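Trainee: I am new to this structure and would like a close look at one part of its surface. Please then lead me from there to what lies inside.

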Amino acid sequence: LLIWVLLRVRDWLGGPSSAASLAALPPTHVGSLDIRPESLPADIGAAARALLGRGEERAALSLLYRGALSRLVHGHGVPIRAASTESECLSLSAPRLKPASRAFLAQLVAGWQTVAYAGRHLAPESAEALCQGFDEQLPAAAPGAAA
């Protein structure tokens with residue numbers, strides 16, 4: 001009974017709670033997409049380019065989008081949640097990205113939506129540009145962040 005009372009007093013006084021700790025943890029998935037850094041290849045752009053070379057455009061765009069979400073959450077501190085939509089991800093990331101990176105992310109999201117939802121193909125040069133610019137526009141850590 002004493003332990004229960006002490007726990008209730010702690011909750012009442014605003015002490016640390018397990019619910020608050022869980023809310024602070026970044027998601028491992030956004031929708032069905034696994035965004036854990038360890039689930040992704042070291043060179044995301046090159047891996048996506050290899051998938052494109054094998055004709056696996058949807059897999060390539062999925063990898064680029066997953067990689068972008070992972071870097072936004074884990075490298076840039078963007079508060080993306082497990083149920084965030086593409087539009088919400090763009091809005092949440094805007095204040096933390098430079099204009100060129102915001103534009104790149106918007107192109108990546110548009111490409112992902114075109115392939116995944118509309119079932120259309122991207123122009124080969126557009127898909128290649130997304131692979132080529134991935135690391136430059138969406139670095140693993142935010143510029144100026146301590147490594």
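Mentor: Let's begin with what a patch is: residues with over 30% relative accessible area and no salt bridge are grouped, like charges being joined within 9 Å and nonpolar side chains (Val, Leu, Ile, Met, Phe, Trp, Tyr) within 5 Å. Accessible areas come from the Shrake-Rupley method with a 1.4 Å probe, and for residues only the protein chains shown count as cover. You are looking at a predicted model, where local features need pLDDT of at least 70 and side-chain atom pairs need 80 or more, while totals for chains, interfaces and linings use all residues. Residues are numbered from 1 along each chain as its sequence is written, and side-chain values use heavy atoms, leaving out hydrogens and water.

Now to the patch itself. L1, W4, V5, V9, W12 and L13 make up a nonpolar patch on the surface, together showing about 760 Å² of accessible area. L13 belongs to helix α1, residues 2-13; helices (H or I, at least four residues) and strands (E, at least two) are DSSP runs numbered from the N terminus. L13 is exposed, at 62% relative accessible area; exposed means over 50%, buried under 20%, and partly exposed in between, with a 1.4 Å probe and protein chains only.

Next, step inside. Of the 147 residues, 35% count as buried. In soluble globular proteins, nonpolar side chains tend to be buried together. Here the largest nonpolar core has 33 residues, and L64, L69, I80, L105, L108, F134 and L138 have the most contacts inside it. Such a core is a set of buried Ala, Val, Leu, Ile, Met, Phe, Trp, Tyr and Cys residues joined through side-chain atoms within 4.5 Å. At least two of its residues come from each of α3 (44-53), α4 (57-75), α6 (99-116) and α7 (124-137), and α4 gives the most, with 9 residues. Leaving aside neighbours within four places in sequence, I80 is in contact (heavy atoms within 4.5 Å) with P27, V30, L69, L72, V73, C89 and L92.

Buried residues in α6 include F104, L105, L108 and W112, and among the elements covering the buried residues of α6 are β2 (33-34), α4, α5 (86-93) and α7.

Finally, look at the charged pairs. The structure holds 5 salt bridges, each a side-chain nitrogen of Lys or Arg within 4 Å of a carboxyl oxygen of Asp or Glu. One of them joins E128 and R49, with the closest N and O atoms 3.0 Å apart; this pair links α7 to α3, across 79 residues. E128, at 31% relative accessible area, is partly exposed, and R49, at 30%, is partly exposed as well. Another brings together R36 and E38 at 3.7 Å, N to O; R36 is partly exposed at 31%, whereas E38 is exposed at 62%.
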